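Student: I am new to this structure. Please take me closely through one part of it, the metal sites and what surrounds them.

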Amino acid sequence: MKTKKFKTIFINFIYIFGLVITGCSEDPGIVPIYDDKGRLQVQMDSEKCKTYQLEELIKRFKKRGFVNFRISYLQDVYLGIFVKENEIDSISINGETSFKNNSFVDEKSVVFISIHSKKGGYEYITNSVNGYLPIMYQPHELDGKDKIEAGNCLKQLGFVNISYYPIQDCWNDGSSNFNKTDSFQVNYTPDFREYSFFQIDSVIRINYHTVKGEYCTNGLNHEYIKNNNDNSFTCSTCGKTLYI
Ligand SMILES: [Zn+2]
Ligand SMILES: [Zn+2]
């Protein structure tokens, strides 16, 4: 009888404790706050952020009006001895690791989160704000990737105007860097940060290594289609016309 009572109390305790946690995670009453310049109030403290689990952290930032996230999975959890899976390693807003409840930032800002994990890789959550998206990658971050794969990375973020520029410096198609990316540009410049913002139809140019030849802006060869009137052919992608 006594044991049973203890059990009941214990269960009640867990129940109440559980309620407290749930109440906390619901984060009541929080809405995005903007200043008169349209900047977003962070409403989070950089130190306190690290105490949350990933999902909870993202949920909290979203509730405060943030829409862009880049999550790096560090792949550093082996036995769970030194670090625990899903624990936050570091967090920054646009590269700034120190922020306070009353800090104000651009509403398009990117929240960068790196997390202890078994798996590796990155996750991107992007939403355009007034037609603008964060570029999320540094100019050389896609280096070494297959050109089309690199282009797809940027397409997946929501950018729509991706083109490819051939650097014709490979001896042959067996060269180790054949078709691999060597930096990319946005609006004709490599001068940007991973949290820089661009309009979704900005000109993005993937530079890639290939052999000598004539290449289309789609990263492949021109695909010429014969015109009706004369002996001319026009590429269906870039519009380049060839006369024979
Ligand atoms: Zn490079
Ligand atoms: Zn073409």
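Tutor: Start with D143. This residue is partly exposed, with a relative accessibility of 32%. D143 (OD) and H140 (ND1) coordinate the zinc ion (ligand 1), at 1.6 to 2.0 Å. Bear in mind that this is a predicted model.

Now turn to the zinc ion (ligand 2). Its protein donors are C216 (SG), H222 (ND1), C235 (SG) and C238 (SG). They lie 2.1 to 2.4 Å from the ion. The four donor atoms make angles of 96 to 118°, and the site is tetrahedral. For four tetrahedral donors the ideal angle is 109.5 degrees. Along the sequence, the spacing of the donor residues reads C-x5-H-x12-C-x2-C. H222 sits in the loop between β11 (204-209) and β12 (224-226). C238 sits in the loop between β13 (232-235) and β14 (241-243). The pair therefore ties together parts that are 16 residues apart in sequence. Their surroundings can be compared too. H222 has a relative accessible area of 14% and is buried, because the limit for buried is under 20%. C238 is partly exposed, at 33%.

The largest nonpolar core has 25 residues. I135, Y137, L154, F159, F184 and I204 have the most contacts inside it. Several elements each supply at least two residues of this core, among them β5 (110-115), β8 (162-167), β9 (181-186) and β11. The largest share, four residues, comes from α4, which spans 147-157. Look at Y137 in particular. Leaving aside neighbours within four places in sequence, Y137 is in contact with residues including R70, Y124, L142, C153, L154 and F184. Another core, of 22 residues, lies apart from the largest one. L40, C49, L54 and F69 are among its members.

F69 also belongs to an aromatic cluster, together with F61, F66 and F99. F61 is buried, at 0% relative accessibility. F66 is buried as well, with a relative accessible area of 1%. The count of aromatic pairs comes to nine.

Finally, two charged side chains sit over rings. The charged end of R205 is over the ring of Y165, 4.1 Å from its centre. The charged end of K108 is over the ring of F197, 5.4 Å from its centre.

Methods
Residues are numbered from 1 along each chain as its sequence is written. Chains are lettered from A and ligands numbered from 1 in the order in which they are written. This is a predicted model: local features need pLDDT of at least 70, side-chain atom pairs count only at pLDDT 80 or more; totals for chains, interfaces and linings use all residues. Side-chain values use heavy atoms; hydrogens and water are left out. Donors are N, O and S atoms within 2.8 Å of the metal (3.2 Å for Na, K and Ca); water is not among the atoms, so sites may look incomplete. Four donors count as tetrahedral if all angles lie between 85 and 135 degrees; four count as square planar and six as octahedral if opposite donors are over 155 degrees apart and all others between 65 and 115; anything else is irregular. Buried means under 20% relative accessible area, exposed over 50%, partly exposed in between (1.4 Å probe, protein chains only). A nonpolar core is a set of buried Ala, Val, Leu, Ile, Met, Phe, Trp, Tyr and Cys residues joined through side-chain atoms within 4.5 Å. Contact means heavy atoms within 4.5 Å. Rings of Phe, Tyr and Trp (its six-membered ring) pair if their centres lie within 6.5 Å; planes under 30 degrees apart count as stacked, over 60 as edge-to-face and the rest as tilted. A charge sits over a ring if NZ of Lys or CZ of Arg is within 6 Å of the ring centre and within 35 degrees of the ring normal.
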